Amino acid sequence: MKRYILTFFACALGVAAIFFLIPINLFDGEIVFEVNGVEFTEKAKISLSYFIGIGANAEQTQDVKDFYLLPMGYLIAFLMIGVLPAIITYRIYLKNKQKG
């Protein structure tokens, strides 16, 4: 059982590292712009790497005041970082159970 818990955390860490270290615009979010004192928001696909400052250069962040995930973006992030490793771990568990 301990081996499967470690497998889950290793998979979750691997998937999280991919999404936080490589700028993959996959998650639904909103970007808040401020141009000449006027604020407006725009829906866009954003990357989790933007939250730790990787992947966005100065040209892309010009006039950007803030950005955040929408509920669907949080759901996709949860499914990819939490549920996908759980499914992989469960598949490994079933395969090993079938052998023994």
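The numbering of residues starts from 1 along each chain as its sequence is written. In this predicted model, local features need pLDDT of at least 70, side-chain atom pairs count only at pLDDT 80 or more, totals for chains, interfaces and linings use all residues, and side-chain values use heavy atoms, with hydrogens and water left out.

Q: Why is Thr 89 called buried?
A: Thr 89 has a relative accessible area of 9%. Buried means under 20% relative accessible area, exposed means over 50%, and partly exposed lies in between, with a 1.4 Å probe and protein chains only. Thr 89 therefore counts as buried.

Q: What does Thr 89 touch, not counting residues up to four places away in sequence?
A: Contact means heavy atoms within 4.5 Å. By that rule, Thr 89 touches Tyr 4, Thr 7 and Phe 8. Thr 89 itself lies in helix 2, where helices (H or I, at least four residues) and strands (E, at least two) are DSSP runs numbered from the N terminus.

Q: Why is Ala 86 called partly exposed?
A: Ala 86 is also found in helix 2. Its relative accessibility is 35%, so Ala 86 counts as partly exposed. Ala 86 and Thr 7 are 79 residues apart in sequence and 9.0 Å apart in space, C-alpha to C-alpha.

Q: What makes Asn 36 exposed, and where is its place?
A: Because its relative accessible area is 77%, Asn 36 is exposed. Its place is in the loop between strand 1 and strand 2. Asn 36 has a positive phi of about 55° although it is not a glycine.

Q: How do you know whether Asp 63 is buried, partly exposed or exposed?
A: The relative accessible area of Asp 63 is 39%, so this residue is partly exposed. Asp 63 sits in the loop between strand 2 and strand 3, and it has a positive phi of about 70° although it is not a glycine.

Q: What makes up the largest nonpolar core?
A: A nonpolar core is a set of buried Ala, Val, Leu, Ile, Met, Phe, Trp, Tyr and Cys residues joined through side-chain atoms within 4.5 Å. Here the largest one has 10 residues in all, among them Val 15, Phe 33, Leu 69 and Ala 77. Helix 1 (2-21) and strand 1 (27-35) each supply at least two residues of this core, and the largest share, 3 residues, comes from strand 1.

Q: Which strands are called edge strands in the open sheet?
A: The sheet has 3 strands in the order 2-1-3, with antiparallel pairing. Strand 2 (38-46) and strand 3 (64-69) are the edge strands, as each pairs on one side only.

Q: How do you know that strand 1 and strand 2 pair?
A: Two strands pair if DSSP finds at least two bridges between them. There are 9 bridges joining strand 1 to strand 2, so by this definition the two strands pair. Gly 29, for one, has Ala 44 in strand 2 as its bridge partner.

Q: Where does helix 2 pack?
A: Helix 2 (residues 71-99) packs on the sheet, where it touches strand 1 and strand 3. Its direction makes about 135° with that of strand 1; axes are lines fitted to C-alpha atoms, for helices over the stretch in contact, and angles run from 0 to 180 degrees between N-to-C directions.
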